[in-house]
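Student: I would like to go through this structure and ask what stands behind the terms used for it.

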Amino acid sequence: MRNPKIRFFQSSGVPFKDWKTSQIKDVCSISKEVINPKDFPSRTFVEYSMPAFDNNQTPYLRKGNELDSLRLSIRGDVILFNKLNIKKKRIWNVKNPENNSLCSAEFLPLTSGIHCQDFIFYYLSTSKFTCKLNTKSSGTSNSQKRIRPEDLENEEIAIPCLEEQQKIASFFSTLDQKIELNERKLEFLEKLKKGLMQKIFNQEIRFKSKSGKNFPNWIKKPLHSVIASSGGHTPNMKNKALWEPGEYFWVTPKDMKSEYVFSSEMKISELGLKELKLHEPGTILLVARSGVLKHTLPLAFLRIQATINQDLKAISVTDEIISGYLFFFLQSKSNLILNNYVKTGTTVQSIMMNDFYAMMVDIPCLEEQRQIAATLFIFNEKIGIMTQKIAILKQLKQGFMQQMFV
């Protein structure tokens, strides 16, 4: 059969044998039997459920008579979620030290037997195999479609010899470890920045002038007194003249994926610009209407000239306050804003702007504002570098996944 583009070699430099095509049932055993734990009232099982998988939590122990119908799993399984329309992670590599474990009947435990469990996990994680599974799903609608064990069993899988399986698995395991290590570093930097912001804006940490003198006490002013704010709108989508040729960035909440906005998915034409205001780099953008306001306050610095849609607010500052300082101040108060100024009970959450603009802002002198902003920008730069590094590693992994499996 056809071999992958990238292969490993034996220690002697000789290529391994060609890959062979098998069926899943010849490579893995799939747990089909659904167990009612009520039949085992005296036993304690380890339960695997979606929350544990999603949050990478250790599965928790519960008495068998407290559980619903589940599937029996054994030590060392690849666990496949059989729903089609799940947007989250769909497959897990479980190396469970417990001999007795259970998972929801919506999961299919695959035991690799004599084959390398990690190789099976990475093979089933490829986008090519996932697409094949989706075509095998049965059900009347996406919400009901499932992968049946018998459909999975008969699916083809390309297998190299065990030694090459182990080399491939080791390669991707090392890559995953690097990604995980950098993700932990990123998490640490984000926590460190959050803690530092809390201490700075609670005035537990104060900066000093170049001569070593203390800065003056901070003052309080309502937000509306130190900013100018404006909104945007969506030009008529049916009027192509307002959109083509796209010359000017038009920012929507979809473009607010990080703390800096460098581009937008859509652009408007010169004619479309006449209906909107063009905002300058350094403007603070705030998502004022979106479902994400249930849990997140999207804020970003505009790094380009751009217009915005009706779901955003553009905030520019007066001479009394520096935009960088205000950005981090608002970021530090995100929980307060979400809890006090977001309108609930509606289809889409929105910020009550009049109340938000009346919020009191702690304002130090301009020089201390500059020092605070500069310090926190350093953290942003480090976080940005780490985020980019993780993205490159994940992109690299995806590229290898496409070329190292058939």
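Tutor: The questions below take up helix packing, sheets, and then single residues of this predicted model.

Student: What makes α6 roughly antiparallel to α11?

Tutor: Helix α6 (residues 162–201) and helix α11 (residues 366–404) pack at an angle of about 165 degrees, and their axes are 10 Å apart. An angle over 145 degrees counts as roughly antiparallel, so α6 is roughly antiparallel to α11. Their crossing is left-handed.

Student: Which classes of residue make up the contact of α6 with α11?

Tutor: The contact of α6 with α11 has 23 nonpolar, four polar and 10 charged residues.

Student: Why are α6 and α8 called roughly perpendicular?

Tutor: The axes of these two helices cross at roughly 105 degrees and come within 10 Å. The range for roughly perpendicular is 65 to 115 degrees, and α6 and α8 are therefore roughly perpendicular to each other. On the α6 side the contact involves Lys-193, Met-197 and Phe-201, which meet Tyr-325, Phe-328, Phe-329, Gln-331 and Ser-332 in α8. By class, the residues of this contact are five nonpolar, two polar and one charged.

Student: How do you know that α8 is largely enclosed by the rest of the structure?

Tutor: Buried means under 20% relative accessible area. Eight of the 10 residues of α8 (residues 323–332) are buried, so the helix is largely enclosed. The buried residues are Gly-324, Tyr-325, Leu-326, Phe-327, Phe-328, Phe-329, Leu-330 and Gln-331.

Student: What makes α3 roughly perpendicular to α6?

Tutor: The axes of α3 and α6 cross at roughly 70 degrees and come within 8 Å. Roughly perpendicular covers 65 to 115 degrees, so α3 is roughly perpendicular to α6. The crossing of α3 with α6 is left-handed. From α3, the contact takes in Asp-118, Phe-119 and Tyr-122; from α6, Gln-165, Ile-168, Ala-169, Phe-172, Ser-173 and Asp-176. These divide into five nonpolar, two polar and two charged residues.

Student: Turning to the sheets, why do β2 and β8 count as edge strands?

Tutor: Four strands form an open sheet in the order β2-β10-β7-β8, with antiparallel pairing. β2 (29–30) and β8 (91–94) each have a single partner strand, so one side of each is left without a neighbour in the sheet.

Student: How do you know that β7 and β8 pair?

Tutor: Two strands pair if there are at least two bridges between them. Four bridges join β7 (residues 77–81) to β8, and the two run antiparallel. Across this pairing, Leu-80 stands opposite Ile-91 in β8. Helix α3 (residues 117–125) packs on the sheet and touches β7, β8 and β10 (107–111), with a direction at about 175 degrees to that of β8.

Student: What makes β14 and β16 a pair?

Tutor: At least two bridges are needed, and three bridges join β14 (residues 248–251) to β16, which run antiparallel. Phe-249 has Lys-267 in β16 as its bridge partner.

Student: Why is Thr-252 called buried?

Tutor: Its relative accessibility is 11%, so Thr-252 counts as buried, the cut-off being under 20%. Thr-252 lies in the loop between β14 and β15 (260–261). Leaving out residues up to four places away in sequence, Thr-252 touches Asn-309 and Leu-312.

Student: Why does Lys-95 count as exposed?

Tutor: Exposed means over 50%; Lys-95 has 56% relative accessibility, so it counts as exposed. Lys-95 lies in the loop between β8 and β9 (101–104).

Terms used: Residues are numbered from 1 along each chain as its sequence is written. This is a predicted model: local features need pLDDT of at least 70, side-chain atom pairs count only at pLDDT 80 or more; totals for chains, interfaces and linings use all residues. Side-chain values use heavy atoms; hydrogens and water are left out. Axes are lines fitted to C-alpha atoms, for helices over the stretch in contact, and angles run from 0 to 180 degrees between N-to-C directions. Angles under 35 degrees count as roughly parallel, over 145 as roughly antiparallel, 65 to 115 as roughly perpendicular and the rest as oblique. A crossing is left-handed if the near helix is turned anticlockwise from the far one by less than a right angle, and right-handed if clockwise. Ala, Val, Leu, Ile, Met, Phe, Trp, Tyr, Cys and Pro count as nonpolar, Asp, Glu, Lys and Arg as charged, and the others, Gly among them, as polar. Contact means heavy atoms within 4.5 Å. Buried means under 20% relative accessible area, exposed over 50%, partly exposed in between (1.4 Å probe, protein chains only).
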